[in-house]
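Dear colleague,

I am passing on the structure below, together with some notes on what came out of going through it. Please read the notes with the coordinates open beside them.

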Amino acid sequence: MIEVFGAFFLLLSAGTLWRFIPHVPEADTVRRSLGGVVMNFFLPALTFSVLFRAPVNAELWQIPITASACVIASLAIIYSFLVLAKKYLKGLTNPTFGALILAATWGNVTYLGLPTVTALLGEEYRRVPIYFDLLAMTPLLWTVGVMIAEHYGKKTTSEIGQSHSGVMMLRGIRTMLTLPPFWSACAGLLCNIAAIPVPEFMLKACALMGNAVPPMMIFSIGLALRMPHLHHLAWIIPPIIVKLLCAPYIGSLCAEAVGLQGNVLKATVLESAMPTMVLTMVIADRFSLDIDVLAQIIALSTIVSFFTVGLLWG
């Protein structure tokens, strides 16, 4: 465990230190470029190769149900807390309110969860983060998450007449359907279930590309990290508590209730314990939520997760 998280910490630190290297592209530019390469090429290849060889069984519904339960429960907890505590949290605007909801609800189940599960349990369990993310977490982000962001975000004059929840949900679904990992997951499962043969050289190429995904993901998280400001701690601590403590407890209860066992159960609980999802920054930026606070939560929750996941695993 120490060796695994020590290696992760070095990669994260390398991404964070990039900001201080002179005469190189800006960290945000590198992160967006690297994220585009991973999302459009390397992650789809990994997704296809993993799901093509994955066992077709009840995990296809057990893991997504657990992930959905974590999202819904975390959303309910953080929303209830913020409504009750809003009068005590000075300066809490709607854009910050929306950012805190996203931060507490959606976890970094692929960018950090995939490397963590792979390192701790082995490559044969890489299917768990993919099921957790592509069959539940990402669809809910681009539907429910988009509706939340639209409701609490700042609206321009041209957007006021277009901000209808049904319209925003349809836009979110369309965006999700353009994501290459979604279609590569469908292709991998289809070829697996229908026993469609795939040339071995293609599978080896996908495996090689897949091996590059974990280090690039962790490095890109480091590029996105920003240290929190002390005057924001009252805002950012509650979402971190929900994400790192409440969510894994809920995930554990739900995973056991639906019948998951052994290392698949462990991998699913690890996924539910992941820190705030980096991709929420894209949603927050699109709908003018409080990106600064969200970035601070991503940074602090990622650092704290090394300890909470370690305790969970131990």
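**Helix 9 and what follows it**

The 14 residues of helix 9 (residues 180-193) should span 20 Å at 1.5 Å a residue, and the end C-alpha atoms are 20 Å apart, which agrees; the expected span is 1.5 Å times one less than the number of residues, and helices here are DSSP runs of H or I with at least four residues, numbered from the N terminus. Among the buried residues of helix 9 are Pro181, Phe182, Ala185, Gly188, Leu189 and Asn192, where buried means under 20% relative accessible area, exposed over 50% and partly exposed in between, computed with a 1.4 Å probe on protein chains only. Helix 9 is followed by Ala195, whose phi is positive, near 55°.

This is a predicted model, in which local features need pLDDT of at least 70 and side-chain atom pairs count only at pLDDT 80 or more, while totals for chains, interfaces and linings use all residues. Residues are numbered from 1 along each chain as its sequence is written, and side-chain values use heavy atoms, with hydrogens and water left out.

**Ser301**

Ser301, in helix 15 (residues 291-313), counts as buried because its relative accessibility is 0%. Its side chain reaches the backbone oxygen of Ile297 at 2.7 Å, and a polar atom of that side chain lies 3.3 Å from the backbone nitrogen of Thr276. Leaving aside neighbours within four places in sequence, Ser301 is in contact (heavy atoms within 4.5 Å) with Ile240, Leu244, Pro275 and Thr276.

**Aromatic rings and charges**

A search of the whole structure finds five aromatic pairs, a pair being rings of Phe, Tyr or Trp (its six-membered ring) with centres within 6.5 Å, stacked if the planes are under 30 degrees apart, edge-to-face if over 60 and tilted otherwise. One of them, Tyr79 with Phe97, is edge-to-face, at 6.1 Å centre to centre and 80° between the planes; this pair links helix 3 to helix 4, its members being 18 residues apart. Tyr79 is partly exposed, at 39% relative accessible area, whereas Phe97 is buried at 3%, and ring pairs link Tyr79, Phe97 and Tyr152 into a cluster.

Lys266 lies over the face of Trp313, at 5.8 Å from the ring centre, where a charge counts as over a ring if NZ of Lys or CZ of Arg is within 6 Å of the ring centre and within 35 degrees of the ring normal. The charged end of Arg286 likewise sits over the ring of Phe287, 4.8 Å from its centre.

Conventions: Helices (H or I, at least four residues) and strands (E, at least two) are DSSP runs, numbered from the N terminus. A polar contact is a pair of N or O atoms within 3.5 Å; within protein, one must be able to donate a hydrogen and the other to accept it, and residues adjacent in sequence count only if both atoms are side-chain atoms.
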